[in-house]
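User: Hi! Could you walk me through this structure, step by step?

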Amino acid sequence: MSEPLSVDALTDSQRTALRRLILRLADTKRLLGIRFSDWLLGAPSIETGIAASSMAQDEWGHARLLYSMLKSFGEDPVEVERDRAREAYANAPAVDHEFADWAEVVAGMVVVDGAMTALLAGFAEGRFELASNRIPKMLGEEEFHRDMGLAWLRSLAGSAGRGRVTEAIRAFLPGTLAWMAPGDDAEAELAEAGVIPSGAETLERFRSVYGEAFQALGVSIETSGAGDDFDAARGRGPGAPDEETVERARGDRNRALFVE
Amino acid sequence: MGITVRMPTLDAGLPAHVSIHKSGGRDLWSEPMTVPPADPGAAVVECLKEVLDPEIPISLVDLGLIYGTSIEEGVVTVQLTFTATACPCMEFIKEDIRDRLEQESWVSGVRLEEVWDPPWTTARITPQGRERLRQLGVGAV
């Protein structure tokens, strides 16, 4: 890795691109944590529900560390977490709404969490110092998520749920891959600065983990990147998380009880 | 024959300055030093050895969570990490560290620096910590 990079050393457009990347990761982790937490009492077994709860806890811990990177941009991470409208969220579209069934939870593990981890791994190897300091711990925790997702995928692939989980993966994959590796100017700018690898490399990293398992379901990992309706400011496709989700992420009901 | 049940008071066993959280192990803290230590740096570490993890009753030092300490003009800086990014005891731990150190007259302030590099793993638990865990029936690989 070449010389570490701080926010102060970035050009304005690089700063904008880096802030977008951090928000995309933090928001997705925040909302994926909510999605996982919904299944503590609805998973196929008690043990799996507890695992989902632990994964939710991890995702929120990761989101917290990612949001706190915004301090180096002169922003208050607490305000970013609690005071944004849903239209400002930069999460992967697959977590905009609650997961309909366990097949979607598994698809969330392998597609959304997998894509985030591929992106984070490249970010950790890049020049942005806060990422190389903080993300390795997250990646260590994500190893358990990967194992859990792949174990469930293998299990469902040999069961009556094969068709449903395949359908869920097919539904989540295009929007998530376009989010992970949009192939747009901001991504190229960060790759040029050595902050993240190219989108093609990130895609290959994702494929190296999940390609075989997806292939067994007849799903190939291909993306054409951002479409015409891609929101370049947020770095995601069109749409936004639903209001109830954002109210939960912001903690609206407990706003009067915040003690920090 | 009547039975008298003696209820513990809220502050039973706790130093007088402790007024917020009542994390386990505070009753084991030493009384504040009456004389400033000859080696404040070493004394800081000794103080931290008395602060227990709220969930696993071994010290933060033995658990390997303390990455560094320094003291300058009475202000102690502690670099610490956590076992997990979403450790639910972060605030308790920070508060315990502050309270333990600030009870000392030679400490005028405490700065806590949260660090994540290198990532904590069980390999950071000291031999003493492993032995204590073993006594508690907990294995650490």
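Analyst: Happy to! Two residues are in contact if their C-beta atoms, placed from the backbone, lie within 7 Å. This is a predicted model, where local features need pLDDT of at least 70, side-chain atom pairs count only at pLDDT 80 or more, and totals for chains, interfaces and linings use all residues. Residues are numbered from 1 along each chain as its sequence is written, while chains are lettered from A and ligands numbered from 1 in the order in which they are written.

User: How many residues of chain A are in contact with chain B?

Analyst: Start on the chain B side, where six residues take part. Those divide into one charged (Asp, Glu, Lys and Arg), one polar (the others, Gly among them) and four nonpolar (Ala, Val, Leu, Ile, Met, Phe, Trp, Tyr, Cys and Pro). Their partners in chain A number 13.

User: What pattern does chain B follow along the sequence?

Analyst: Let's count elements, using DSSP runs numbered from the N terminus: helices are H or I with at least four residues, strands E with at least two. Chain B has three strands and four helices. Read in order, they give α-α-β-β-α-β-α.
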